[in-house]
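Please examine the sequence and the three-dimensional structure shown here before reading the briefing.

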Amino acid sequence: MYRFDRQEYEKRVQWFRDARFGMFIHFGLYSIPARGEWVMSDEEMTDAQYRNYFEMFNPVDYDPRKWAHMAKEAGMKYMVMTARHHDGFCLFDSQYTDYTSVNTRYGKDMVREYVDALRAEGLKVGLYFSLIDWHHPDFPHYKDRQHPMRNHPECGNENRDFNRYLTYMHRQVRELMTNYGKIDLLWLDFSYDDLRGEAWKATELVNMIRSLQPGIMINNRLEVSGEGFGSLAQGHPTPYHGDFITPEQMIPPEGLKDPQGRDLLWESCFTMNGHWGYDVKDHYFKPASMLIHKLVECVSKGGNMILNVGPDARGNFPEPSVRALQEIGAWMKKNHESIYGCGRSQLKPEGMYRVTQNGNRVFIHIYENSIGPFPVPGIPRDRIEMVRYLADGAQIPVSSSWVHSDYPDIFFADLGPDPILPDSTDTVLEVDLKDPENERKAAGQRAVK
């Protein structure tokens, strides 16, 4: 019977908990029609119709070194790219199919180039792999909830052998785990209806993955999809529970905890606009200020954020994505200490600010100034060692103004007379707290004297 090893788990996931911020890449044949990554399913294309994009595929501007550099400059610590999405097209060389980037006009193993680029930039290497494959003849077609041929009775499943498909799928995962050196993270996607858990031969799959990549992190989508938390969150982990929970296009309102009240490891994944894959008509890009706020929100609730970019058919990031990454990077250069290694604080934010914490360092993320000195409930004044702006290190006085004399238990920061904050997106105050253990020792020494 499987036994969850908490100590081994905590060691395996520490880098991920410290990193807090990553980049998702959705790239493949669907970048050519430029109507999103689900275009084959949404428009119920036949395999023959969709194969036209395979014949066209030639991302001449594909430069993962440039991608990795942009991710690093934005403050991201890891990347995850779609080695295979639901359409079954592989960005890696595989001996089990010709449906790969190597056999297109591009003619190269794109995963090989990608992992080399990430390592050169010092980023952790992540790969996305879909458990679903709409190209494979043995994957269920008719009446499957997502398959492009779900409404076509002529594409019945009578002669399809799902075990044969599972053998194929497991072999491709083995290739990814064997041929590219150390892989830090495997992002599997996704389970639904009766296709979950052991329907994927999940225990066998995870045992194989961990035997080849002992330190790898795996998400929870062998059990669930974007909805649902999985067995680790429920307190009775299966052998294929995964290491972290993957809320999609939302941030858990209160973060996530297990039945014992411990913070669970989770990562919110969401898009810059409304699609994962490139959509030429989707101009609804989130502003950089909003994305910074969402990153802070994730960290303040004990989670990570992985932000998606959908490159175009030539392999370029959309210009709005580039601009947002640059703005996020400028903020992160000055304020990254409030993100990396940080997590949930015991302080309950009130008003237009959030709180992250790392040990005795508390970071107040201010989105809107106050009238008068800035109040931060929950921090006794006698615990404060120093208050400063994180961006430039300038000290901030603890206010002693008469205007808040009726609130002696609340710490007020004196931000000066200017109502305009130094950073209109997020001005971060660093509050260094006195170590309570040192304080107790000092009090004891004073008592002895």
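Predicted model: local features only at pLDDT ≥ 70, side-chain atom pairs only at ≥ 80, totals over all residues.

Residues are numbered from 1 along each chain as its sequence is written, and side-chain values use heavy atoms, with hydrogens and water left out.

**The open sheet**

- An open sheet is formed by 7 strands in the order β5-β4-β3-β2-β1-β7-β6, and their pairing is parallel.
- Helices (H or I, at least four residues) and strands (E, at least two) are DSSP runs, numbered from the N terminus; two strands pair if DSSP finds at least two bridges between them.
- The edges are held by β5 (217–218) and β6 (267–271); each has a single partner strand, so one side of each lacks a neighbour in the sheet.
- Strand β7 (residues 304–309) runs parallel to β6 and is joined to it by 5 bridges.
- Within this pair, T271 has N308 of β7 as its bridge partner.
- Helix α9 packs on the sheet, where it touches β1 (21–25), β6 and β7, and its direction makes about 150° with that of β7.
- Contact means heavy atoms within 4.5 Å.

**The helix pair**

- Helix α9 (residues 288–300) packs against helix α10 (residues 319–335) at an angle of about 50°, and their axes are 9 Å apart.
- Axes are lines fitted to C-alpha atoms, for helices over the stretch in contact, and angles run from 0 to 180 degrees between N-to-C directions.
- The two helices, α9 and α10, are therefore oblique to each other; angles under 35 degrees count as roughly parallel, over 145 as roughly antiparallel, 65 to 115 as roughly perpendicular and the rest as oblique.
- On α9 the contact is made by A288, L291, I292, L295 and V296, and on α10 by A324, E327, I328, W331 and M332.

**The hairpin**

- Strands β8 (residues 353–358) and β9 (residues 361–366) pair in the antiparallel sense over 6 bridges.
- R354 has H365 in β9 as its bridge partner.
- The hairpin of β8 and β9 has 2 residues between the strands, and G359 takes a positive phi near 65°.

**A loop residue**

- T425 lies in the loop between β12 (411–413) and β13 (427–433).
- T425 counts as buried, at 18% relative accessibility (buried means under 20% relative accessible area, exposed over 50%, partly exposed in between, with a 1.4 Å probe and protein chains only).
- Apart from neighbours within four places in sequence, T425 is in contact with S289, I292, H293, I366 and Y367.
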